[in-house]
Amino acid sequence: MDWSPVLISMKTASVSIVITFFLGILAAWLVVSLKSPVWRAVVDGLLTLPLVLPPTVAGFFLLYLLGVKRPLGQFFLEYFSVKIPFSWGATVIAAVTMSFPLMYRSARGAFEQVDQNLVQAARTLGMGEWTIFRRILMANALPGIVGGGVLAFARGFGEFGATAMIAGNIAGRTRTLPMAVYSEVAAGNLENAYGYVAVMVVMAFLAVTVMNGAAAGKMGRR
């Protein structure tokens, strides 16, 4: 069995979760801070859209935006000599796009469950918004945020549709585990497919276990 899809998936998921984790928390904080319910609903809908779109459609939009014949794709190619489609970086972009809504919604839900009396009391005591974010919101929402991070990592690790559209299925380069399963089954190499599937099942089980542990820790703190 070729282990390169495992390594590519691990590298892709590891890089994407770093990006998704901080972007998701920042987006959740900004949305929770919005005063207008209308704007909050609009921004929330836009940020959640990749979660409800078919992954291939999300991948199509990524390819449309970042293709070498598109302004954004041409910009990266001309000024940075970086061709995004069908590169390893494209697997990261696909994973971030599809896992971001899970991280964002988990963080937003965790922030919204924080007792607002604590926030108001902190403001009354003269704490700045950044201090309130670190010491009040993050401290109390941490279990939910950790659970969202684990879920986002697992989603990025198992991303298929958007990856197929923008990164392709290049062996040793963009062939992630889901792509490897598809390729091996299509080629009739079921033994290799079983091995890849086993790795993904183990990773999914570990993700669920960590999420349950984070949920149990949250319940224990109440």
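Author: In this predicted model, Lys and Arg count as positive and Asp and Glu as negative, while His and the chain ends are not counted. On that basis, the mean positions of the 17 positive and 9 negative charges lie 7 Å apart.

Reader: Why is Val 82 called partly exposed?

Author: Buried requires under 20% relative accessible area and exposed requires over 50%, with partly exposed in between. Val 82 has 37% relative accessibility, and therefore counts as partly exposed. Its place is in the loop between H4 and helix H5 (88-112).

Reader: What makes the nonpolar surface patch, and which residues belong to it?

Author: Patch members must have over 30% relative accessible area and no salt bridge, and nonpolar side chains are joined within 5 Å. The patch covers about 930 Å² and includes Phe 60, Phe 61, Tyr 64, Leu 65 and Val 82. At 37%, Val 82 passes the cut-off of over 30%. Helix H3 (55-66) and helix H4 (71-80) each supply at least two residues of the patch.

Reader: What is the secondary structure of the protein?

Author: The protein has ten helices and zero strands. Helix H9 spans residues 177-187, and its buried residues include Leu 177, Met 179, Val 181 and Glu 184; by the cut-off, each of these has under 20% relative accessible area. Just after H9, Gly 188 adopts a positive phi of about 80 degrees.

Reader: How many of the 222 residues count as buried, as a percentage?

Author: The share is 38% of the 222 residues, judged by the cut-off of under 20%. The protein exposes about 12000 Å², of which carbon and sulfur atoms supply 70%.

Terms used: Residues are numbered from 1 along each chain as its sequence is written. Side-chain values use heavy atoms; hydrogens and water are left out. Buried means under 20% relative accessible area, exposed over 50%, partly exposed in between (1.4 Å probe, protein chains only). Helices (H or I, at least four residues) and strands (E, at least two) are DSSP runs, numbered from the N terminus. Patches are made of residues with over 30% relative accessible area and no salt bridge: like charges are joined within 9 Å, nonpolar side chains (Val, Leu, Ile, Met, Phe, Trp, Tyr) within 5 Å. Accessible areas come from the Shrake-Rupley method with a 1.4 Å probe; for residues, only the protein chains shown count as cover. A salt bridge is a side-chain nitrogen of Lys or Arg within 4 Å of a carboxyl oxygen of Asp or Glu. The place of a charge is taken as NZ of Lys, CZ of Arg, CG of Asp or CD of Glu.
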